[in-house]
Amino acid sequence: MTTIAPDKAVRRLKHDIDDRPMIVIWEVTRACQLACKHCRAEAQPQAHPEQLTTEQGKALLDDIASFGKPLPIVILTGGDPFERPDLYELLSHGASLGLHMALSPSVTPKLTQETVRQMHTAGANSMSLSLDGARPETHDAFRGFSGVFDDTLRAGGWMRDDKVRLQVNSTVTRDTMAELPDLLRIMFELDVHLWSLFFLVPTGRGQQLKTLTAGEIEDVLHWMADIADMIAVKTTEAPHFRRVLVQRARAQAEGRDPRDLENRGETYDYLTRETERMLTEWEADGHTRPQRKPRPPIDINSGRGFAFVDHRGNVYPSGFFPQHCGNVKELGFTAVYRDSELLRSLRRPDTFHGKCGMCEFNQICGGSRSHAYAVTGDILGSDPTCVYIPAAMREPHDRPGHAVQAPA
Ligand code: SF4
């Protein structure tokens, strides 16, 4: 297990997050031919008539580039971005401005080896694919079509072979969690650059799916910390992964086993056992167990270094909030990001309500604002998917001596 100093377990943003975001996700369309069970966008077969036009989209990219260096990363998502005939033009325009452009396509007949190459040439440095299960029946049931699992592996292979940086996004639910160790093997085979585990927010079509308990999520986060020296991992809507990493680094610095922290349960034991089984098979098949330096996650959160623009130009703190903070056609993205009251409040974790506001980790975590809002109705409320009890809320004899200082 790699040793990492507690103050290096999480990367801190170097620029002023009140001034500029690090990542902007732009939902270029809601049109999509798939009907995924967890779809945030509740995607439709046809594009909305008020979707941003090519010129409005280019103006948005110009505005994002006006933040200056370091320029934000812009991820084009959908729906399916390939439903836009001007996708190549938008990617080229963003790349010509110096923006780091990324693409998140759906796996449909429009995604071919040829279109992957075209978009890579246009400026999509990285692409992401969704893979929610290690078995065809699990993934295809999630996506609403049979054959999508095989098509996704094929598309991932094209990206790997063409040296496109590949991110794979996997939704963790009660139905997919058991397949994580076998999904890890697929990540090795596809040589993915980054594996993102998405902890489902009960919104959009995802309301019908089975989310994990806070205890189970804690177990998955500890398991992710274990595999981080084999593959680069990140979470979506579980920023307390960063708290787990700092706690483990502190335990390690004090000579304790980082896996012996409180709040670990049967899910962790299952995932650990199954991962060992998978790795043994991987080695028996003639492969070497991967090894890499862990890639510390960065401390951004909804509205705090991160923003989402929907297909009509409305700006949100993330893609899982129903309330927008302004429209790029009326105000411009830079003004909305800097001046929206809602976004500004999300950049002040010490003013959050309940335990997230009192938590000594809130500057590096802050909790999933989307989970807090979806479950409690309070955008600044506590994240119900985190088991941690902040030191300030514990009885004095319960307080861990190592957990009272926020990381530098
Ligand atoms: S209590 Fe809130 S801020 Fe603290 S670790 Fe949990 S989610 Fe993060």
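Which residue just after helix 6 takes a positive phi? Asp191 does, at about 50°. The views below show a predicted model, in which local features need pLDDT of at least 70, side-chain atom pairs count only at pLDDT 80 or more, and totals for chains, interfaces and linings use all residues. Residues are numbered from 1 along each chain as its sequence is written, and side-chain values use heavy atoms, with hydrogens and water left out.

**View 1. Confidence along the chain.**
pLDDT is the predictor's confidence in each residue, from 0 to 100. The protein chain has a mean pLDDT of 91. Of its residues, 92% reach 70 or more. Residues 401-408 have pLDDT below 50. That stretch has 19 contacts in the model beyond near neighbours in sequence; a contact means heavy atoms within 4.5 Å.

**View 2. Helix 6 and its cover.**
Helices (H or I, at least four residues) and strands (E, at least two) are DSSP runs, numbered from the N terminus. Helix 6 spans residues 180-190. Nine of its 11 residues are buried, so the helix is largely enclosed by the rest of the structure. Buried means under 20% relative accessible area, exposed over 50%, and partly exposed in between (1.4 Å probe, protein chains only). The buried residues include Leu180, Leu184, Ile186 and Phe188. Their cover includes helix 5 (148-161), strand 5 (165-172) and strand 6 (194-199). Helix 7 (214-227) and helix 9 (266-284) also contribute.

**View 3. Phe333 in the nonpolar core.**
A nonpolar core is a set of buried Ala, Val, Leu, Ile, Met, Phe, Trp, Tyr and Cys residues joined through side-chain atoms within 4.5 Å. The largest one has 106 residues. Leu180, Trp195, Val220, Trp223 and Phe333 touch the most other members. Neighbours within four places in sequence aside, the contacts of Phe333 include Pro21, Val24, Leu60, Ile64 and Phe67. Ala307, Val309, Val315 and Val328 are also among them.

**View 4. Lys58 and Glu89.**
A salt bridge is a side-chain nitrogen of Lys or Arg within 4 Å of a carboxyl oxygen of Asp or Glu. By this rule the count is 27. Lys58 pairs with Glu89, with the closest N and O atoms 2.8 Å apart. The bridge links helix 1 (residues 54-65) to helix 2 (residues 87-96), its partners being 31 residues apart. Lys58 is buried at 17% relative accessible area. Glu89 is partly exposed at 37%.

**View 5. Arg185 and Asp285.**
A salt bridge joins Arg185 to Asp285, with 3.0 Å between the closest N and O atoms. Arg185 lies in helix 6 and Asp285 in the loop between helix 9 and strand 8 (306-309), so the pair ties together parts 100 residues apart in sequence. Arg185 is buried, with a relative accessible area of 17%. Asp285 is partly exposed, at 47%.

The side chains of Glu218 and Arg243 form a salt bridge, at 2.7 Å from N to O. Glu218 sits in helix 7 and Arg243 in helix 8 (residues 240-253), so parts 25 residues apart in sequence are tied together. Both residues are buried. Elsewhere, salt bridges that share partners join Asp182, Glu274, Arg277 and Glu281 into one network.
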